[in-house]
Amino acid sequence: MGLYSITTKILKSIAYPSELVPSIEEDDGHHHFDPVTEHEGAKLGMWLFLATELLLFGGLFAAYAIYRAKYPEMFMLGSSSLDVVLGSVNTVILIFSSLTVAVAVKAIQENRIQLVKVMLWVTIICAAIFAVNKYFEYTYKFGKGIYPGTDIFYSIYFAATGIHMLHVFIGMAVLGVLLRKVYQNKYSKDNFTAIEIGGLYWHLVDLIWIYLFPLLYLVG
Amino acid sequence: MDNNGGYKSLINIWLLLMFLTFITVWIAQFDFGALNVPIALLIASLKASVVALYFMHLKYEDGMTWIFATYPIFLLFLLIGFTVVDMFSRVIN
């Protein structure tokens, strides 16, 4: 094999990777690989993405660890100023929304479309309630003259909960798109990859909050 | 697997998470001194494991997914651990 043919082969494999894999007979235009491989690949890709998300918050947790050790009184004071009741309510809401997404993922695998719709609606509503609570928390803090620049504790508090809040909004958008496609009958027990990996993203939002809640609100 | 069995186990997992959340809030009223953060992290990690294993189906995934799911935890330890060790072992600030 000459250098030219090797080079073209490599370039082709980069440009058209699907041609190297035996494709399924009936091509519906959506699948590049056979459905099982595609499903597993998409899930693995999502887990890899979640890993990068974990490291995004990892930087904030590192900052928390250092400054908490350096200024324990500041963290004690700041933490006790946060509303534990509101924080607890938001924890319960997020964990409940994790349950509803998990039920939706199971329901689509049994073709129970109506149940999927209800569960996705409940999840989005839970996310909205979470956002409203967070809005009240923020405005209450601003009303007392507390801003992200007030001290290091509040810098970390606003940065961590703010980036988390951003994830809640993105999660709402993802779930909204999924819900719309469920109404268009795009998903079934043979095609539910999108709902499953969208669900994985929403569980991550819950996972991060599971750590943020005790570290910011409770441990003072 | 029968139809309702799966949903029931999801609800049981949720009840377990609610119970652990209650423990999180309840235990915070006691002062364990330096152990406050480790205890909070321990309960949070227990909750996170339950979410990952059952809600995110990690329990039923293959080895490759497990590697992708657990490797970032090791990276987190490196990131946080070494930053903290560095900050508190400097001779010159």
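Tutor: The axes of helix H6 (residues 152-183) of chain A and H7(A) come within 10 Å and cross at roughly 160 degrees. This is a predicted model, in which local features need pLDDT of at least 70 and side-chain atom pairs count only at pLDDT 80 or more, while totals for chains, interfaces and linings use all residues. Residues are numbered from 1 along each chain as its sequence is written, and chains are lettered from A and ligands numbered from 1 in the order in which they are written.

Student: What makes H6(A) roughly antiparallel to H7(A)?

Tutor: The axes are lines fitted to C-alpha atoms, for helices over the stretch in contact, and the angle, on a scale from 0 to 180 degrees, is taken between N-to-C directions. Under 35 degrees counts as roughly parallel, over 145 as roughly antiparallel, 65 to 115 as roughly perpendicular, and the rest as oblique. The angle here is roughly 160 degrees, and H6(A) is therefore roughly antiparallel to H7(A).

Student: What is the handedness of the crossing of H6(A) and H7(A)?

Tutor: The crossing is left-handed, a term used if the near helix is turned anticlockwise from the far one by less than a right angle; clockwise would be right-handed.

Student: Which residues make the contact of H6(A) with H7(A)?

Tutor: Contact requires C-beta atoms, placed from the backbone, to lie within 7 Å. On H6(A) the residues include Tyr157(A), His164(A), Val168(A) and Leu175(A); on H7(A) they include Gly198(A), Trp202(A), Trp209(A) and Leu216(A). By class there are 15 nonpolar, five polar and no charged residues. Nonpolar means Ala, Val, Leu, Ile, Met, Phe, Trp, Tyr, Cys and Pro; charged means Asp, Glu, Lys and Arg; the others, Gly among them, are polar.

Student: Why are H5(A) and H6(A) called roughly antiparallel?

Tutor: Their axes cross at roughly 155 degrees and come within 10 Å, which makes H5(A) roughly antiparallel to H6(A). This crossing is left-handed. Among the contact residues are Lys117(A), Trp121(A), Phe130(A) and Lys134(A) of H5(A), and Thr161(A), Met165(A), Met172(A) and Val182(A) of H6(A). The classes come to 15 nonpolar, four polar and two charged.

Student: What makes H4(A) and H5(A) roughly antiparallel to each other?

Tutor: H4(A) and helix H5 (residues 113-143) of chain A pack at about 160 degrees, with axes 8 Å apart; they are therefore roughly antiparallel. The crossing is again left-handed. Of the contact residues, 19 are nonpolar, five polar and one charged.

Student: How many helices and strands does chain A have?

Tutor: Chain A has seven helices and zero strands. Chain B has three helices and zero strands.

Student: How do you know that chain A is more spread out than a compact globule?

Tutor: The radius of gyration, taken over C-alpha atoms, is set against a globule rule of 2.2 Å times the number of residues to the power 0.38. For 220 residues the rule gives 17 Å, and chain A has 22 Å, well over that, so it is more spread out. Its C-alpha atoms fill a box of roughly 70 × 50 × 25 Å along the principal axes. For the 93 residues of chain B a compact globule would be near 12 Å, but the chain has 18 Å. The box for chain B is roughly 65 × 40 × 10 Å.

Student: What does each chain supply to the contact between them?

Tutor: Chain A gives 33 residues and chain B gives 34. In chain A, helix H2 (35-70), helix H4 (84-108) and helix H7 (193-218) each supply at least two, and H2(A) gives the most, with 13. The side of chain A that touches chain B divides into 24 nonpolar, five polar and four charged residues.

Student: Where in chain A is confidence lowest, and where highest?

Tutor: As pLDDT, the predictor's confidence in each residue from 0 to 100, the mean is lowest in helix H1 (residues 3-15) of chain A, at 74, and highest in H5(A), at 97. Chain A averages 90 and chain B 91. The model scores ipTM 0.92 and pTM 0.87. Where pLDDT is low, the predicted coordinates should not be read in detail.

How values were computed: Two residues are in contact if their C-beta atoms, placed from the backbone, lie within 7 Å. Helices (H or I, at least four residues) and strands (E, at least two) are DSSP runs, numbered from the N terminus.
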